[in-house]
Amino acid sequence: MQAFEFAILDGIQSLCRCPALDWLMPLVSVICNHGEVWIVLAAVLLILPRTRRTGVVVALALLLDLVCCNLILKPLIGRLRPCDLNTAITLLVARPRDAAFPSGHTASSFAAVGALLACRSRLWLPAFVLAVLIAFSRLYLYVHWPSDVLAGAVLGAVLGFAACRLTDWGEQRLRLPRR
């Protein structure tokens with residue numbers, strides 16, 4: 001499996017590597033280093049009365065992602081990054097210090113997308129495009145295995161939808177009017 005994943009990563013390096021992407025991909029990745037872009041989105045949605053519920057769902061999805069991905073799965077699995085095994089690669093970003101599996105950048109991105117989609121927000125499509133770019137950046141930058149990114153996308157999407165269900169449940173429990 002590792003040989004297959006290295007083949008994908010090395011294929012990206014040989015087919016896509018160019019000065020423009022060498023400049024763009026670190027920027028795409030850095031906007032989500034700690035989920036910043038999605039936290040800002042949640043905050044903006046929370047501020048606006050019309051989108052407050054969606055903001056709650058996105059924020060909850062990000063919180064669930066933080067717990068599942070960064071506090072449970074990464075320490076539990078402790079997977080090495082591809083750049084740790086192929087040290088011949090020149091990294092365009094600082095080597096991440098945490099474990100590789102699952103991709104936290106991808107998981108938080110798809111948690112936001114899943115939450116937006118579950119809330120039927122039209123923002124899901126531009127968020128999806130950005131999430132795909134962020135996920136690809138992690139492969140391009142050689143800091144994640146393809147399976148890390150795939151697992152992050154699936155986990156994030158599931159958590160986004162779960163956040164919507166939990167919000168529905170909480171509204172029913174507290175008998176809050178649904179907006």
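The largest pocket in this predicted model holds about 540 Å³ of space. Here a pocket is an open set of points on a 1 Å grid over the protein atoms alone, where a 1.4 Å probe fits, with protein on both sides within 12 Å along at least five of seven lines; its volume is the space filled by probe spheres set on the points, which are joined across faces, edges and corners. Lining residues, those with an atom within 4 Å of a point, number 26, and Cys 32, Asn 33, His 34, Asn 70 and His 105 are the closest to the pocket's centre. Two or more lining residues come from each of α2 (19-30), α4 (52-77) and α6 (104-118), with α4 giving the most, six. Helices are DSSP runs (H or I, at least four residues) numbered from the N terminus. By type, the lining splits into 10 nonpolar, 10 polar and six charged residues, with Asp, Glu, Lys and Arg counted as charged, Ala, Val, Leu, Ile, Met, Phe, Trp, Tyr, Cys and Pro as nonpolar, and the others as polar.

Now for the helix packing. α2 and α7 (residues 124-140) pack at about 120°, their axes 9 Å apart; axes are lines fitted to C-alpha atoms over the stretch in contact, and angles run from 0 to 180 degrees between N-to-C directions. α2 is therefore oblique to α7, oblique being what is left after under 35 degrees (roughly parallel), over 145 (roughly antiparallel) and 65 to 115 (roughly perpendicular). In contact (heavy atoms within 4.5 Å) are Leu 21, Asp 22, Met 25, Val 28 and Ser 29 of α2 with Leu 133, Ile 134, Phe 136, Ser 137, Arg 138 and Tyr 140 of α7. Seven of these contact residues are nonpolar, two polar and two charged.

Residues are numbered from 1 along each chain as its sequence is written. Local features need pLDDT of at least 70 and side-chain atom pairs 80 or more, while totals for chains, interfaces and linings use all residues, and side-chain values use heavy atoms, without hydrogens or water.
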